[in-house]
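Thanks for coming, everyone. Let me put the structure up, and then we will walk through it piece by piece.

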Amino acid sequence: MSQALSTDVLIVGGGVAGLWLNARLRAKGYATLLVERESLGGGQSVKSQGIIHGGAKYALHGALSGASEAIADMPRRWREALDGDGELDLSSVRLLSDAHYLWSPGTLAGNLTSFFASKAVRGRVDQVKGEQLPPALQHPKFKGKVYRLAELVVDVPSLIARLAELAGDSLLAADDIQPLHENGQLVGLRVDGRDIRAQRIVLSAGRGNADLLTSLNVAQPGQQLRPLHMVMVKGRTLKPLYAHCLGGGPKPRITVTSHPSADGEWVWYLGGDLAEADGVARDEAAQIDAARKELGQLLPWVDLSSAKFATLRVERAEPAQSGLVRPDNAFLSDQGPLLVGWPTKLALAPDFADRVLNSLERDGIRPADHDAPPDLPRPVIGRTAWETSF
Ligand code: FAD
């Protein structure tokens, strides 16, 4: 059997939530180990659009709610980290755009006019025109209104790579996880046959949390999965665009982000309403057709004749909510030595880490002495869908 280990905090799951938390804990002097079964970020994180929401999208149907206010601080915290001046040094992470845009293809519906005029939004949302428009919208045929949101878009692969660097020697590639009990108490995990004791165990395994809870014989918290059917478009004629295109309803008609591919072409990654219920019901060919139609209507000047299309099915994992309501905060359930959670958004990874740190603080969990870990098998970094699909 492999050598037994001990640590302060044992984290399961190396997506953005586990990796961000790991880096924060290490910066505070805690010993940590993080177990990843597949690839770092390869779950939802590298499949995300990388938008660091400040809450504006969620306030489209009215004033900002209390919950949206909680997310409002995230762009500042990320910006400071990206400037090398925040809670983590993320200065090597690529910023894809320092703004995300709201784009209304027609005239604004009445409720949106009042939204943009509302006090909560003023100062955070400015209308842009002419050369200030995103490159893909700078065309004589473009009609409509565009608002600049103070929300960033980060290149998630470079974020995951940096967080893996900050993890130092704490990463462990392993598959089988069993509870480690002593006198009826959970004292750690048996990971691929190796006993790892810890003061606290954090499950941040995205959709993997549900099975882990079952194997630990823990019933709560429940998990919900929200399926999406995203579309990727790759081509020479694409220019960068980071925008929610508004339809009639509270949800964006499409949300476009643009990602660089290794051969220098841009990949448009399309989510929003297109990727939700009706999109999930479509097969790949029908979903590509629907995306072509949307882009043809919204951006008729973009030549897509030689563009390549592909789709990606992925599920968002979140704490169970009645009616599949979208949670607006990171979620952490705290059960003695076992902490379980979902950030619910990449943008909320700092909030997830805060919640774990608050729980450690409250319970008086301090860094203790542990032997340095031996050389451990290290998980690889996840690849994006556009690297593997085209
Ligand atoms: P994950 O990234 O899924 O990581 C969980 C990790 O745990 C995985 O690496 C997995 O392999 C590992 N794991 C699972 N089970 C085990 C086990 N038993 N043992 C060991 N390891 C295990 N959020 C935003 O803020 N902005 C966006 O623009 C945005 N766009 C999105 C677009 C899409 C299409 C999707 C699907 C999500 C988007 N999100 C966005 C949400 C965001 O991606 C997620 O909230 C976030 O990435 C979740 O991070 P995580 O670390 O909890 O989970």
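How many of the five residues of strand 6 are buried? Four of them are, so-called mostly covered, and the strand spans residues 100-104. Keep in mind that this is a predicted model.

Now the partners of strand 6. On one side we have strand 8. Strand 6 and strand 8 run antiparallel, joined by five bridges. Look at Trp 103: its bridge partner in strand 8 is Val 146. Then there is strand 15. Here the pairing is parallel, with three bridges to strand 6. Tyr 101 stands opposite Ala 243 in strand 15.

Strand 7 pairs with strand 8, residues 145-149, in the antiparallel sense over four bridges. Val 128 has Val 146 as its bridge partner in strand 8.

Next, move along to strand 15 and strand 16. They run antiparallel and share four bridges. Ala 243 stands opposite Val 256 in strand 16. Ala 243 is also the residue that Tyr 101 stands opposite. Strand 15 and strand 16 form a hairpin, with five residues between them. Is strand 16 mostly covered or mostly open? Mostly covered: seven of its nine residues are buried.

Strand 16 pairs with strand 17 over six bridges, in the antiparallel sense. His 259 stands opposite Val 267 in strand 17.

On to a pair of helices. Helix 1 covers residues 16-27, and helix 5 covers residues 156-166. Their axes come within 9 Å and cross at roughly 35°. The crossing is left-handed. Which residues meet there? From helix 1, Leu 19, Trp 20, Ala 23 and Arg 26; from helix 5, Ile 160, Leu 163, Ala 164 and Leu 166. By class, this contact has seven nonpolar residues, no polar ones and one charged.

Stay with helix 5 for a moment. Its buried residues include Val 156, Pro 157, Leu 159 and Arg 162. The buried residues of helix 5 pack against helix 1, strand 3, strand 9, strand 10 and strand 21. Just after helix 5 comes Gly 168, with a positive phi of about 55°.

Which element gives the most to the shell around the ligand? Helix 1, with three residues. Strand 2, strand 14 and strand 18 each supply at least two residues of that shell. In total, 39 residues surround the ligand. The closest are Gly 13, Gly 15, Gly 43, Gly 206 and Gly 208. By class, the shell has 15 nonpolar, 18 polar and six charged residues.

Last, a few backbone details in the loops. Take the loop between helix 6 and strand 14. Pro 221 is found there. A cis peptide bond joins Gln 220 and Pro 221, with omega about 0°. Asn 217 lies in that loop between helix 6 and strand 14 too. Asn 217 has a positive phi, near 65°, and is not a glycine. Buried or exposed, then, for Asn 217? Asn 217 counts as exposed, because it has 8 C-beta neighbours inside 10 Å.

Asp 192 sits in another loop, the one between strand 12 and strand 13. Its phi is positive as well, near 45°. Asp 192 is partly exposed, with 16 other C-beta atoms within 10 Å.

That is the tour.

Definitions and conventions:
Residues are numbered from 1 along each chain as its sequence is written. This is a predicted model: local features need pLDDT of at least 70, side-chain atom pairs count only at pLDDT 80 or more; totals for chains, interfaces and linings use all residues. Two strands pair if DSSP finds at least two bridges between them. Axes are lines fitted to C-alpha atoms, for helices over the stretch in contact, and angles run from 0 to 180 degrees between N-to-C directions. A crossing is left-handed if the near helix is turned anticlockwise from the far one by less than a right angle, and right-handed if clockwise. Two residues are in contact if their C-beta atoms, placed from the backbone, lie within 7 Å. Ala, Val, Leu, Ile, Met, Phe, Trp, Tyr, Cys and Pro count as nonpolar, Asp, Glu, Lys and Arg as charged, and the others, Gly among them, as polar. A residue is buried if 20 or more other C-beta atoms lie within 10 Å of its own, exposed if 12 or fewer, and partly exposed in between; C-beta atoms are placed from the backbone. A residue is near a molecule or strand if its C-beta atom, placed from the backbone, lies within 6 Å of it.
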